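Me: I am new to this structure and would like a close look at a single part of it. Please keep the explanation plain.

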Amino acid sequence: MASLVQFLPLFPFFFLISFSVSHGPFLPKAIILPVNKDPSTFQYVTQLYMGANHLAPIKLVVNLGGSFLWADCGLTSDSSSQKLVPCNSLKCSMAKPNGCTNDNKICGLKSDNPFTRLAATGELAEDMFAVEFIDELKTGSVASIHQFLFSCTSSTLLQGLARGAKGMLGLGNSRIALPSQLSDTFGFQRKFAICLSSSNGAIISGESPYLSLLSHDVSRSMLYTPLISSRDGVLEEYYINVKSLKINGKKLSLNTSLLTMDGEGHGGTKISTISPFTTMKTSIYKTFVESYERFGFSMGLTKVEPIAPFGLCFSTKVEGLNVPSIDLVLQSEMVKWRIYESNSMVKVSDEVMCLGFLDGGVNQKASIVIGGHQLEDNLLEFNLGTSMLGFTSSLAMVETSCSDFMFSKDSSAFDT
């Protein structure tokens with residue numbers, strides 16, 4: 001498959017289409033970004049295109065709760081198409097700056113790398129940004145935003161990112177994160193979906209063409225739960241209200257106050273693409289692992305020496321192997337996120353599989369952080385307008401997967 005970089009020069013006047021809400025000939029129905037999982041870091045990587053004079057690819061690590069896109073501007077596009085945003089401007093106020101730089105002339109933004117926990121003050125900039133769009137059940141054409149806001153930051157923040165990544169793409173609930181900027185430009189509802197896998201997946205913004213892209217109308221099997229906010233208002237990261245945990249249908253005895261976010265923002269259940277596996281506060285993890293081990297024994301599983309970073313592992317040398325089911329019970333007993341074997345277990349060798357949940361320590365801010373492995377092959381739809389999360393549980397139950405997303409035959413994000 002040819003990449004968009006190869007595809008665009010062949011059709012420069014037909015497929016590079018710029019839109020604005022008021023002037024465009026028509027608006028795309030949805031935007032789709034291919035996502036690959038980096039096998040060495042377990043990070044999810046997408047690719048966009050930036051630069052008015054020369055449309056250049058830029059690989060970015062996906063941060064579901066990130067406030068904005070940040071990138072090393074020396075590696076993204078030429079300076080003639082990039083413009084810095086003045087301090088005290090309307091665009092600067094939208095970004096919630098942490099001060100001004102360059103003698104108080106340029107809007108300053110604190111950018112951080114959650115993998116290394118390094119932070120640096122960047123400068124708010126704007127440039128042309130291009131993405132693949134879906135129209136009439138087809139993909140392959142490109143729509144652009146001429147004044148896409150992002151942070152220009154130091155190359156030191158690139159440490160720890162997947163090979164070739166030049167920054168991070170924030171999908172959080174903020175005014176300058178990708179979903180909000182796409183909504184403002186193309187008139188979409190303020191919602192987006194992610195569908196991750198161990199290989200290829202997608203981010204979709206706009207209408208929900210899951211039937212055309214997955215060949216299954218998985219929206220019919222979606223359940224919905226509220227996205228919760230803090231006492232101070234809307235959270236940029238995404239939290240849900242898990243009321244209890246069940247293993248094989250049996251409710252665990254937990255300190256349920258930990259499952260609720262307190263006034264200082266501690267507790268609750270966060271959804272994250274940064275954590276490769278689900279992590280739990282130590283007290284929750286201990287009860288969870290002990291219960292899972294007990295149910296595993298009752299189902300004929302044989303415990304083996306754990307392999308780091310996992311705390312509980314089993315032999316796979318068991319005929320008719322079955323593992324306990326896990327339920328995250330949400331606003332009622334009727335609404336639960338079931339985690340099946342493909343998302344609960346990690347195969348670490350031909351003979352050993354491990355429970356893909358980790359001890360997050362006693363100081364973990366969120367009591368539960370649902371990580372990437374548990375999100376894979378689950379379609380998640382974040383509706384920021386209604387503050388609701390739609391989720392499917394494993395797509396394997398309807399005989400499809402996130403790697404089945406049908407992109408155009410003429411383009412692929414990573415065949416560069």
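This is a predicted model: local features need pLDDT of at least 70, side-chain atom pairs count only at pLDDT 80 or more; totals for chains, interfaces and linings use all residues.

In what order do the four strands of the open sheet lie, and is their pairing parallel or antiparallel?

Reply: The chain has 416 residues, of which 55% count as buried, and it holds seven helices and 29 strands. The part in question is an open sheet of four strands in the order E20-E21-E25-E24, and the pairing is antiparallel. Its edges are strand E20, residues 303-304, and strand E24, residues 345-347, each of which pairs on one side only. Strands of a sheet pair through backbone hydrogen bonds. Strand E21 (residues 313-315) and strand E25 (residues 352-355) run antiparallel and are joined by three bridges. In this pair, Ser315 stands opposite Val352 of E25.

The length of H5 can be checked: the helix has 17 residues, so at 1.5 Å a residue it should span 24 Å. The C-alpha atoms at its ends are 24 Å apart, which agrees.

After H5 comes Gly300, which has a positive phi, near 90°.

For the chain as a whole, residues 24 or more positions apart account for 69% of the contacts with a separation of 6 or more. The chain exposes about 18,200 Å², and carbon and sulfur atoms supply 51% of that area.

Conventions
Residues are numbered from 1 along each chain as its sequence is written. Side-chain values use heavy atoms; hydrogens and water are left out. Two strands pair if DSSP finds at least two bridges between them. Helices (H or I, at least four residues) and strands (E, at least two) are DSSP runs, numbered from the N terminus. Buried means under 20% relative accessible area, exposed over 50%, partly exposed in between (1.4 Å probe, protein chains only). Contact means heavy atoms within 4.5 Å. Accessible areas come from the Shrake-Rupley method with a 1.4 Å probe; for residues, only the protein chains shown count as cover. The expected span of a helix is 1.5 Å times one less than its number of residues.
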